[in-house]
Amino acid sequence: LKCTAKYVYYLSFQSKSDIISTVEFNHTGELLATGDKGGRVVIFQREQESKNQIHRRGEYNVYSTFQSHEPEFDYLKSLEIEEKINKIRWLPQQNAAYFLLSTNDKTVKLWKVSERDKRPEGYNLKDEEGRLRDPATITTLRVPVLRPMDLMVEATPRRVFANAHTYHINSISVNSDYETYMSADDLRINLWNFEITNQSFNIVDIKPANMEELTEVITAAEFHPHHCNTFVYSSSKGTIRLCDMRASALCDRHTKFFEEPEDPSNRSFFSEIISSISDVKFSHSGRYIMTRDYLTVKVWDLNMENRPIETYQVHDYLRSKLCSLYENDCIFDKFECVWNGSDSVIMTGSYNNFFRMFDRNTKRDVTLEASRENSKPRAILKPRKVCVGGKRRKDEISVDSLDFSKKILHTAWHPSENIIAVAATNNLYIFQDKVN
């Protein structure tokens, strides 16, 4: 679990619009996409020559930057629709171009990212500047040719999927059939075909007839990695529902229901808030589900619904601080969680720019910090420890001195190697495992 700092990308200065809101590797790990609150998508590409050099294999450089979403205004509801990118999901590469989905609160877009290193010259009906020529002046016939040019990366929107969500979109997930994807908001989940933008199928609807009877909302949703008919969604009540689209068109009745009984001794005013699930992820094998609530990460076996098979405490030392975290709204922060490529290690974020890793086989865990001071290239990250009370050791940090404005909500793990991306507010850190 030792990490070496590889690169730190300072994507912004002090602007709120530069805060990173999502991070995602593509299926090969060659590209890494980030979205921010300003509606921009920045794509990093792995250095080709670094793959064979073990010390440099985690080096990524900026490949393309484009504006994915713009701020909008809903005139019917008098609501501003912010441009913040909530999620990015890659599609598997089928040809030379790359495709990705990006979404803000209301609209999902399918982007094509392609390279161009040649330009056509020698048109008959156009001059060199692209203006149409008078046909009467054309006396000879030229054969157009392709000339080399500097590499240019273009991002073009191929589909725009809009007007299907009344509430804010929190999740998008590409199906394993690669023909459909789903988008989830607080109360509904819609199924889309990539070729059809003006119609979607509503597959989950938990909106009550009377909104005063509303007791829970959808917080995250994801398709099974191998079975195109199966998906899960989590709720603010700490429950997970597994649905099978073969059972009925509207999946209001779940196939499986995962919930851990609450310990009455831990019951408090904050119990419902901290039990809300902020992220749900299938393992690559499809056998397990990982969920993140405010204080813990849990791993569930699809064959056992009554309790998780593993529970990891992320920052249990904050349990005594819930009152102040409620007052400064930090208790509502939505942390994500990720698996490594072999499903043996899981990673999630915390405060003070800390992030946690848990080895499922050895049951060891480590707390690491993403900061400019300790992230010089090839510097080994030192494990950090939080002191709850009593005498503090030299290398420990007191729970009272944690900075709650520095938080790691978004992380990503390379699909096959031990390279991780960590978003700390407006900085992106890329680490690789220790090289001996």
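**Group meeting: a surface patch and some strand pairings**

Phe-269, Tyr-326 and Phe-332 make a nonpolar surface patch of about 330 Å². Patches here take residues with over 30% relative accessible area and no salt bridge, joining nonpolar side chains (Val, Leu, Ile, Met, Phe, Trp, Tyr) within 5 Å and like charges within 9 Å. A salt bridge is a side-chain nitrogen of Lys or Arg within 4 Å of a carboxyl oxygen of Asp or Glu. Areas come from the Shrake-Rupley method with a 1.4 Å probe, and for residues only the protein chains shown count as cover.

The model is predicted: local features need pLDDT of at least 70, side-chain atom pairs count only at pLDDT 80 or more, and totals for chains, interfaces and linings use all residues. Residues are numbered from 1 along each chain as its sequence is written, and side-chain values use heavy atoms, with hydrogens and water left out.

Tyr-326 lies in helix α2, residues 322-327 (helices are DSSP runs of H or I, at least four residues; strands are E, at least two; both numbered from the N terminus). Tyr-326 is partly exposed at 32% relative accessible area (between buried, under 20%, and exposed, over 50%).

Now the strands. Strand β13 (residues 180-184) runs antiparallel to β14 (residues 188-193), with 5 bridges; strands pair if DSSP finds at least two bridges between them. A hairpin through 3 residues connects β13 to β14, and Met-182 has Leu-191 as its bridge partner. β14 also pairs antiparallel with β15 (residues 201-205) over 4 bridges, where Ile-189 stands opposite Val-204.

Last, an open sheet of 4 strands is ordered β16-β17-β18-β19, with antiparallel pairing. β16 (218-223) and β19 (256-258) each have a single partner strand, so one side of each lacks a neighbour in the sheet.

Notes:
Buried < 20%, exposed > 50% of the residue type's maximum accessible area, 1.4 Å probe, protein only.
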